[in-house]
Amino acid sequence: MTLIEDQLSDLMSLLIDKRIQITQPSCECDIISENFKHICAILDKYGNIMSIGYNTYHTNQKETEHAEVMAMRKMLEKLRAMRTKKKYEITLFVMRTNCRSSKPCVNCVSAMESYSKYFTIKNVFYTDETVKNGIRKMKLRDLIADPDKHLAGYYRYIAKMSTQV
(Lines give C-alpha, C1' and ligand atoms only; values in the text may rest on other atoms or scores of the structure.)
Protein backbone atom coordinates (compact mmCIF):
# COMPACT_ATOMS: atom_id res chain seq x y z
CA MET A 1 0.00 0.00 0.00
CA THR A 2 1.09 3.52 -0.68
CA LEU A 3 1.28 6.35 1.81
CA ILE A 4 -2.12 7.73 0.72
CA GLU A 5 -3.89 4.38 0.98
CA ASP A 6 -2.55 3.94 4.53
CA GLN A 7 -3.97 7.36 5.47
CA LEU A 8 -7.52 6.86 4.14
CA SER A 9 -9.16 5.70 7.38
CA ASP A 10 -7.73 8.71 9.24
CA LEU A 11 -8.82 10.92 6.36
CA MET A 12 -12.38 9.59 6.60
CA SER A 13 -12.58 10.65 10.25
CA LEU A 14 -11.12 14.05 9.41
CA LEU A 15 -13.64 14.60 6.61
CA ILE A 16 -16.57 13.62 8.82
CA ASP A 17 -15.35 16.16 11.42
CA LYS A 18 -15.07 18.74 8.62
CA ARG A 19 -18.64 17.95 7.54
CA ILE A 20 -19.86 18.52 11.10
CA GLN A 21 -18.06 21.90 11.24
CA ILE A 22 -19.53 23.02 7.91
CA THR A 23 -23.07 22.03 8.82
CA GLN A 24 -23.13 23.61 12.30
CA PRO A 25 -25.60 26.51 12.36
CA SER A 26 -24.08 29.85 13.29
CA CYS A 27 -27.39 30.91 14.86
CA GLU A 28 -30.77 29.38 15.63
CA CYS A 29 -32.26 30.78 12.43
CA ASP A 30 -29.86 28.83 10.17
CA ILE A 31 -31.28 25.82 8.37
CA ILE A 32 -29.05 22.77 8.08
CA SER A 33 -29.37 20.87 4.83
CA GLU A 34 -29.68 17.12 5.28
CA ASN A 35 -28.58 16.71 1.65
CA PHE A 36 -24.93 17.19 2.54
CA LYS A 37 -23.80 13.58 2.15
CA HIS A 38 -20.71 13.65 -0.06
CA ILE A 39 -17.35 15.21 0.61
CA CYS A 40 -14.23 15.15 -1.57
CA ALA A 41 -10.63 15.79 -0.61
CA ILE A 42 -7.86 16.42 -3.11
CA LEU A 43 -4.52 15.09 -1.89
CA ASP A 44 -1.04 15.78 -3.19
CA LYS A 45 1.38 12.90 -3.77
CA TYR A 46 2.42 12.99 -0.09
CA GLY A 47 -1.16 12.68 1.18
CA ASN A 48 -1.54 16.34 2.21
CA ILE A 49 -5.02 17.82 1.73
CA MET A 50 -4.90 20.54 -0.90
CA SER A 51 -8.64 21.16 -1.32
CA ILE A 52 -11.99 20.01 0.06
CA GLY A 53 -15.40 20.15 -1.59
CA TYR A 54 -18.86 19.02 -0.58
CA ASN A 55 -22.20 18.64 -2.30
CA THR A 56 -24.35 21.75 -2.25
CA TYR A 57 -28.02 21.75 -3.11
CA HIS A 58 -30.14 24.83 -3.60
CA THR A 59 -33.71 25.30 -4.70
CA ASN A 60 -32.31 26.83 -7.87
CA GLN A 61 -30.78 23.70 -9.43
CA LYS A 62 -28.33 25.77 -11.49
CA GLU A 63 -26.45 26.40 -8.23
CA THR A 64 -26.06 22.70 -7.38
CA GLU A 65 -22.45 21.55 -7.24
CA HIS A 66 -21.03 18.10 -6.55
CA ALA A 67 -18.20 17.60 -4.06
CA GLU A 68 -15.68 16.54 -6.73
CA VAL A 69 -16.36 19.57 -8.90
CA MET A 70 -16.17 21.98 -5.94
CA ALA A 71 -12.86 20.47 -4.76
CA MET A 72 -11.32 20.67 -8.25
CA ARG A 73 -12.59 24.24 -8.77
CA LYS A 74 -11.07 25.29 -5.42
CA MET A 75 -7.82 23.50 -6.32
CA LEU A 76 -7.60 25.37 -9.62
CA GLU A 77 -8.33 28.68 -7.87
CA LYS A 78 -5.53 27.89 -5.40
CA LEU A 79 -3.08 27.09 -8.22
CA ARG A 80 -3.98 30.28 -10.07
CA ALA A 81 -3.50 32.32 -6.89
CA MET A 82 -0.05 30.73 -6.49
CA ARG A 83 0.67 31.71 -10.11
CA THR A 84 2.27 28.35 -10.69
CA LYS A 85 2.70 26.57 -13.99
CA LYS A 86 3.57 23.33 -12.22
CA LYS A 87 1.19 20.49 -13.03
CA TYR A 88 0.52 18.79 -9.68
CA GLU A 89 -0.07 15.07 -9.36
CA ILE A 90 -3.17 14.61 -7.23
CA THR A 91 -5.48 11.95 -5.85
CA LEU A 92 -9.20 12.43 -5.24
CA PHE A 93 -10.90 10.81 -2.28
CA VAL A 94 -14.70 10.95 -2.41
CA MET A 95 -16.74 9.69 0.49
CA ARG A 96 -20.36 9.47 1.36
CA THR A 97 -20.68 10.16 5.07
CA ASN A 98 -22.70 6.99 5.63
CA CYS A 99 -19.89 5.07 3.79
CA ARG A 100 -22.26 3.85 1.07
CA SER A 101 -21.25 4.16 -2.56
CA SER A 102 -19.89 7.54 -3.59
CA LYS A 103 -18.84 6.58 -7.11
CA PRO A 104 -18.42 9.78 -9.12
CA CYS A 105 -21.31 10.41 -11.51
CA VAL A 106 -20.93 10.76 -15.27
CA ASN A 107 -20.82 14.56 -15.02
CA CYS A 108 -18.14 14.52 -12.32
CA VAL A 109 -16.01 12.07 -14.32
CA SER A 110 -16.37 14.39 -17.32
CA ALA A 111 -15.31 17.34 -15.13
CA MET A 112 -12.28 15.34 -13.90
CA GLU A 113 -11.31 14.73 -17.51
CA SER A 114 -11.61 18.47 -18.25
CA TYR A 115 -9.66 19.54 -15.15
CA SER A 116 -6.90 17.04 -15.93
CA LYS A 117 -5.30 19.62 -18.22
CA TYR A 118 -4.47 21.62 -15.06
CA PHE A 119 -3.39 18.76 -12.78
CA THR A 120 -2.72 15.05 -13.18
CA ILE A 121 -5.33 12.92 -11.44
CA LYS A 122 -3.42 9.80 -10.44
CA ASN A 123 -6.13 7.86 -8.59
CA VAL A 124 -9.73 8.27 -7.53
CA PHE A 125 -10.73 6.59 -4.27
CA TYR A 126 -14.38 6.41 -3.26
CA THR A 127 -16.43 4.71 -0.59
CA ASP A 128 -18.16 1.55 -1.77
CA GLU A 129 -19.98 -0.82 0.55
CA THR A 130 -19.51 -3.74 -1.88
CA VAL A 131 -15.73 -4.01 -1.41
CA LYS A 132 -13.92 -5.55 1.56
CA ASN A 133 -12.35 -2.43 3.12
CA GLY A 134 -15.19 -0.13 2.02
CA ILE A 135 -12.97 1.94 -0.30
CA ARG A 136 -12.55 1.39 -4.02
CA LYS A 137 -9.56 2.67 -5.99
CA MET A 138 -9.75 3.46 -9.71
CA LYS A 139 -7.59 5.21 -12.26
CA LEU A 140 -9.29 8.14 -14.01
CA ARG A 141 -8.98 6.41 -17.38
CA ASP A 142 -10.80 3.38 -15.93
CA LEU A 143 -13.62 5.57 -14.60
CA ILE A 144 -13.94 7.19 -18.02
CA ALA A 145 -14.08 3.79 -19.76
CA ASP A 146 -16.28 2.14 -17.11
CA PRO A 147 -19.41 0.71 -18.80
CA ASP A 148 -21.31 0.91 -15.48
CA LYS A 149 -21.71 4.71 -15.44
CA HIS A 150 -23.37 6.30 -12.42
CA LEU A 151 -26.06 8.91 -13.06
CA ALA A 152 -26.79 11.21 -10.11
CA GLY A 153 -30.35 11.35 -8.77
CA TYR A 154 -30.99 14.88 -10.06
CA TYR A 155 -30.04 13.88 -13.61
CA ARG A 156 -32.15 10.69 -13.38
CA TYR A 157 -35.08 12.91 -12.36
CA ILE A 158 -34.48 15.31 -15.29
CA ALA A 159 -34.28 12.36 -17.71
CA LYS A 160 -37.52 10.92 -16.29
CA MET A 161 -39.31 14.26 -16.55
CA SER A 162 -38.19 14.79 -20.17
CA THR A 163 -39.65 11.42 -21.22
CA GLN A 164 -43.01 12.26 -19.61
CA VAL A 165 -43.51 15.45 -21.61
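This report describes the fold of a predicted model, from its overall composition to its sheet and the helices packed on it.

The model is predicted, so local features need pLDDT of at least 70 and side-chain atom pairs count only at pLDDT 80 or more, while totals for chains, interfaces and linings use all residues. Residues are numbered from 1 along each chain as its sequence is written, and side-chain values use heavy atoms, with hydrogens and water left out.

**Overall composition**

The protein holds five helices and five strands, where helices (H or I, at least four residues) and strands (E, at least two) are DSSP runs numbered from the N terminus. Read from the N terminus, these elements follow the order α-β-β-α-β-α-β-β-α-α. Of the 165 residues, 38% count as buried, a term that means under 20% relative accessible area with a 1.4 Å probe and protein chains only. Among contacts (heavy atoms within 4.5 Å) between residues at least 6 apart in sequence, 64% join residues at least 24 apart.

**The sheet**

The five strands form an open sheet in the order β2-β1-β3-β4-β5, with mixed pairing; two strands pair if DSSP finds at least two bridges between them. Its edge strands are β2 (49–54) and β5, each of which pairs on one side only. From one strand to the next, the twist averages 20 degrees, with axes taken as lines fitted to C-alpha atoms, for helices over the stretch in contact, and angles running from 0 to 180 degrees between N-to-C directions.

| Strands | Sense | Bridges |
|---|---|---|
| β1 (residues 38–44) and β2 | antiparallel | five bridges |
| β3 (residues 89–96) and β4 | parallel | six bridges |
| β4 and β5 (residues 135–138) | antiparallel | four bridges |

Individual bridges can be located by residue: I42 has S51 of β2 as its bridge partner, E89 is partnered by T120 in β4, and T127 by I135 in β5. Six of the eight residues of β4 (residues 120–127) are buried, so this strand is largely enclosed by the rest of the structure.

**Helices against the sheet**

Helix α2 (residues 67–82) lies across β1, β2, β3 and β4, and runs at about 140 degrees to β2. In helix α3 (residues 106–115), the buried residues are C108, V109, A111, M112 and Y115. Seen down the axis of α3, these buried residues fall within an arc of 160 degrees, so they line one face of the helix; the arc is that of the directions from the helix axis to the C-beta atoms. The buried residues of α3 pack against α2, β3, β4 and α4 (140–145).

Notes
Buried means under 20% relative accessible area, exposed over 50%, partly exposed in between (1.4 Å probe, protein chains only).
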